[in-house]
Amino acid sequence: MLGYADARVPESAPGRPRWCDVPLEEAVHRLVVHIRELRPEALVTFDDHGGLTGHPDHVRTHRVTLLAAEAASREAYPDAGRPWAPSAVYLATHPRSSVKAIERIIGARRAVHATPDEQVTDRVDVSPWLEQKLAAILAHGSEVDRGALPGLIARLSTTAREELLSTEWFIRRPLAR
């Protein structure tokens with residue numbers, strides 16, 4: 001929706017800046033416009049580690065989303081529409097208790113960022129949507145080809161994919177309304 005290039009694959013959006021290089025104020029403003037237009041009840045973003053891999057774009061997405069959620073509820077950016085306050089932001093994360101299984105499946109040669117289990121507030125079985133989730137992961141063609149996490153997932157057996165991808169964990173952050 002924002003059209004910026006991937007930090008590690010700048011050719012993903014020719015002529016556009018990399019997401020991690022966009023001025024923070026610009027990124028927040030553009031996301032506030034979408035929040036106020038779409039008026040979501042909740043937002044979902046990465047945890048402060050940027051998810052499992054710590055990808056710089058994911059870390060940036062976390063920061064921009066939290067700032068935009070706050071700004072969207074106030075009178076900030078009057079040109080962005082009427083204020084709107086989602087009730088919560090959900091931070092996609094992985095509990096520390098899941099790390100051994102993740103390392104067993106994808107290999108311990110990659111850094112894995114995890115959250116203390118007691119901070120996880122929600123666990124969701126997404127196995128009914130596993131096909132769609134896998135298709136979305138594999139749509140990151142440049143990352144599949146480069147051997148990044150989507151590439152590792154592409155080479156896994158069906159059983160390993162099911163074990164790795166069937167559960168999602170979140171940290172719920174309520175927002176003041």
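The residue I have in mind is Glu168, which is partly exposed, with a relative accessible area of 26%. With which residue does Glu168 form a salt bridge, and how far apart are the closest N and O atoms?

Modeller: Please keep in mind that this is a predicted model. Glu168 counts as partly exposed because its relative accessible area, 26%, falls between the limits of 20% for buried and 50% for exposed. Its partner in the salt bridge is Lys133, and the closest N and O atoms of the two residues are 2.9 Å apart. Side chains of opposite charge can pair when their charged atoms come close.

The place of each partner is worth noting. Lys133 belongs to helix α4, whereas Glu168 belongs to strand β4 (residues 167-174); the pair therefore ties together parts that are 35 residues apart in sequence.

Helix α4 covers residues 130-138 and packs against helix α7, residues 158-165. Two packed helices are described by the angle between their axes and the distance between the axes. For α4 and α7 the angle is about 95 degrees and the axes are 11 Å apart. The two helices are therefore roughly perpendicular to each other, since an angle of 65 to 115 degrees is given that description. Lys133 takes part in this contact as well, together with Leu130, Leu134 and Ile137 of α4, while α7 contributes Arg161, Glu162 and Leu165. Sorted by class, the contact has 4 nonpolar and 3 charged residues, and no polar ones.

Strand β4 is part of an open sheet of 4 strands, arranged in the order β1-β2-β4-β3 with mixed pairing. The edges are formed by β1 (42-46) and β3 (122-125); each has a single partner strand, so one side of each is left without a neighbour in the sheet. On average, neighbouring strands of this sheet are turned by 35 degrees against each other, direction ignored. With strand β2 (residues 88-93), β4 pairs in the antiparallel sense over 6 bridges. Within β4, Pro174 is the bridge partner of Ala88.

Finally, the whole structure contains 4 salt bridges. Among them is the pair of Arg18 and Asp21, whose side chains meet at 2.7 Å, N to O. Another joins Arg74 and Glu70 at 3.2 Å, N to O. Arg74 is partly exposed at 40% relative accessibility, and Glu70 is partly exposed at 41%.

Terms used: Residues numbered from 1 in each chain as written. Predicted model: local features only at pLDDT ≥ 70, side-chain atom pairs only at ≥ 80, totals over all residues. Heavy atoms only, no water. Axes fitted to C-alpha atoms, helices over the stretch in contact; angles between N-to-C directions. Parallel < 35°, antiparallel > 145°, perpendicular 65-115°, else oblique. Contact = heavy atoms within 4.5 Å. Nonpolar A, V, L, I, M, F, W, Y, C, P; charged D, E, K, R; others polar. Buried < 20%, exposed > 50% of the residue type's maximum accessible area, 1.4 Å probe, protein only. Pairing = 2+ DSSP bridges.
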